[in-house]
Amino acid sequence: MSTVHLQTFSKLVEEWKRQQASPKGFNAPIATELLESTGRIERAAQKDVIVAFRTRPPLENEVDQYSNEASRDEAPDELEVKTSFCAGISNVSAEPGIFIAHVPVTKWSGVTLNHKTYNADLAFGPELDNEEVYQRMVVLTDLLPMVLSGGIGCILAYGQTGSGKTFTMEGLEHRIARDLFATAKKVGRRLLASEAGIVDVEIEGDSNSDVFEFNVTFLELLGKKAVDLIETPTTVDDQGNPIRKEVPVKEDKVGDIRPRLVSTEVKSSDDLESLINNALAHRRTSPTLRNAASSRSHALLTIRVKNRLLPYAEEGKLILVDLAGSERYEDSKMHSKQRMDESRENNKSLMVLKDCVRAKAKMAQEDGFVHIPWRSNVLTMLLKPIFDVESRQPSRTAIIAHVSPHIQDVVHSGNTLSYASPFKTAPPKPRGPAPYDKADPRTWNHEQTLEWLEEEFIKVTKAKRNHDREERVKGTKRSEKSQIPPEDDAVIILAVDLDKLCPVGMTAMQFGRLYTMEFVEQCLLAIPAVEGPTKDAPKQRGRLEADAVKYTAMKVIGRLFYLMLTAKTRTRNEIMKSRKKLVVDETYGGRGVLLPYTDVQTLWIGDIPDGQPTFEQYNHIEMMDARTAIGNEMWVSTMDKFLKNAEEEGTSLEYAKKNSNKELNG
Ligand SMILES: Nc1ncnc2c1ncn2[C@@H]1O[C@H](COP(=O)(O)OP(=O)(O)OP(=O)(O)O)[C@@H](O)[C@H]1O
């Protein structure tokens, strides 16, 4: 862009600004308290995916210097050098977030600007610092307490190279290191207090180290190659640079993706801070056209949280991802072949990530089931915890889309904003009461919830009692076995006062919004008071009963989450089934033809090469996702390859189709 153009655009932006109302700030003040006080947690329906925009202040090299041309004729000796910055982005509202991109266009009357609007949940303008971003994205969203309660929190920084992703993520990482242990201390104290049945009593010692254990890994993904940023490399290349071993990223037998990384236990803010600093110093950077110290890779910092009081609970996880900068072809063509390959691979992984986040956002909004193609790429495989629809852990993902403020980057900025904008969803809508369905907790009223809780607590308590008896029998000498009383059918007296746990008005839906640990905590608080005045009674009773109550509560809430998940999936399938089915010839039948995308669940495939029309049901959504992720050509050729092999080997074509579908979906 020439200086003359920049001056014209500056004037046009100024003119546009004059016609606008002043920018709208945030609705709520920043929270000063990190945690709610103890007591019943009334959590509003929260969004699973939060989208924010951020733009940074102009950098020195983006401020244009120009001579004041007007003064040239009148006083050529006093040619004045002026500086100006031509904004490509304006922040018109912080909450809901609205950015306007000023895009130059050429019309018959000359060059002018189009003002395009992009929407998000929050928007951070250049005047806002990292503390404000941290407070809005981490504190107000309850992210740390959620992770400490066994949930999965993830923050992704996305954007063009040089737009400020690393600046934001490092800011967040250091603040999380600062506050995580203080927050853990509060949560730990609360849990210990409820376990002992004594609320508001000061717990002796460092309760944080009694309750939580934190383990940290830091992984760098360079193209398709994952390396450990914490491990100290033992070999160096010709130029003396350390060589990091590639770490394979695979799904294990139980479906977990746990690359073999050095996992370091951290016990304090200082430990975590110095670990982050060391790892960041190892991250690969090199210059790009936009950023002299550009990160060439995706960096994933994962903090795993184990709750020692609930050893059978799943670990909480906080995943902080500084994504590699997205680069346009024009910006990357000066790179070496290796860098161009990496850049292509980075862009590919960002596309798959987009598909996954969109599917997740859609699923949360529609309260149903959508296939998420996370197996299609190493980056999304590493992010499986946030995309796993079978997981019972609550999860929340925040994506911060970064854009450069300068008009010369506005086209790329527009792409970034339109990449992230569709992730923004409305919180689940409150719906009218649905007819009662015993298998769907979302339809239960207070009485039905209470009835189910009673049934479930009795079932789990009985099962535990019988299991404990079997264990006792196993460990007893044959001669003494007869002394163990037979299976006990006596009436079960619940250790939890259900009326206290589920007071009038409380429904299964509200329990479903609690984190596992919060439900356990509520159960511990609902243990009936013990009669008798002995000084140590509450403590002793707490010790004796707490373990049994914790175990039972975990089982009950697990079962409730499971019922909710299967009910959601069922609803979704019913909606899909009620839609029109397609016949194969119109779709895959004409192989090599671009298929129309239709939102139907099933597809009938016929006219296969052996001439025998067979009808096999396929999951259309999975197939279409695979086609979007790998491209039509590759999709069709994979299908054909499997069918051809099967024909040659004389094996079942149905089986071949099923297998190709599996391969297409990773
Ligand atoms: N909000 C901000 N306030 C002040 N300076 C900023 C801000 N955001 C970014 N910067 C500065 O802008 C430059 C580029 O930022 P950064 O390295 O974070 O970009 P990036 O998006 O991570 O780039 P890449 O993808 O190339 O790694 C840095 O010098 C950084 O200090």
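Begin where two domains meet: 14 residues of domain 1 are in contact with 22 residues of domain 2, contact being C-beta atoms, placed from the backbone, within 7 Å. This is a predicted model, in which local features need pLDDT of at least 70, side-chain atom pairs count only at pLDDT 80 or more, and totals for chains, interfaces and linings use all residues. Residue numbers start from 1 along each chain as its sequence is written.

To colour the two sides, select 1-28 + 44-127 for domain 1 and 129-232 + 261-403 for domain 2; the bounds come from an automatic or database domain assignment. On the domain 1 side, pick out strand 1 (49-55) and strand 7 (122-124), the elements that give two or more residues to this contact. Strand 1 gives the most, with seven residues. Strands here are DSSP runs of E, at least two residues, and helices are runs of H or I, at least four, numbered from the N terminus. Colour that side by class and you will find eight nonpolar, two polar and four charged residues. Nonpolar covers Ala, Val, Leu, Ile, Met, Phe, Trp, Tyr, Cys and Pro, charged covers Asp, Glu, Lys and Arg, and the others, Gly among them, are polar.

Next, select 89-93 and 110-120, which are strand 4 and strand 6, the edge strands of a sheet, each pairing on one side only. Three strands make up this open sheet, in the order 4-5-6, with antiparallel pairing; two strands pair if DSSP finds at least two bridges between them. From one strand to the next the twist averages 30°. Which residue of strand 6 is the bridge partner of Ile98? Look for Asn119.

Now show helix 12 (residues 410-420), which packs on the sheet and touches strand 4, strand 5 and strand 6. Its direction makes about 140° with that of strand 5, using axes fitted to C-alpha atoms (for helices, over the stretch in contact) and angles from 0 to 180 degrees between N-to-C directions.

Last stop: helix 13 (residues 446-474). Its 29 residues should span 42 Å at 1.5 Å a residue, so the 42 Å between its end C-alpha atoms agrees; the expected span is 1.5 Å times one less than the number of residues.
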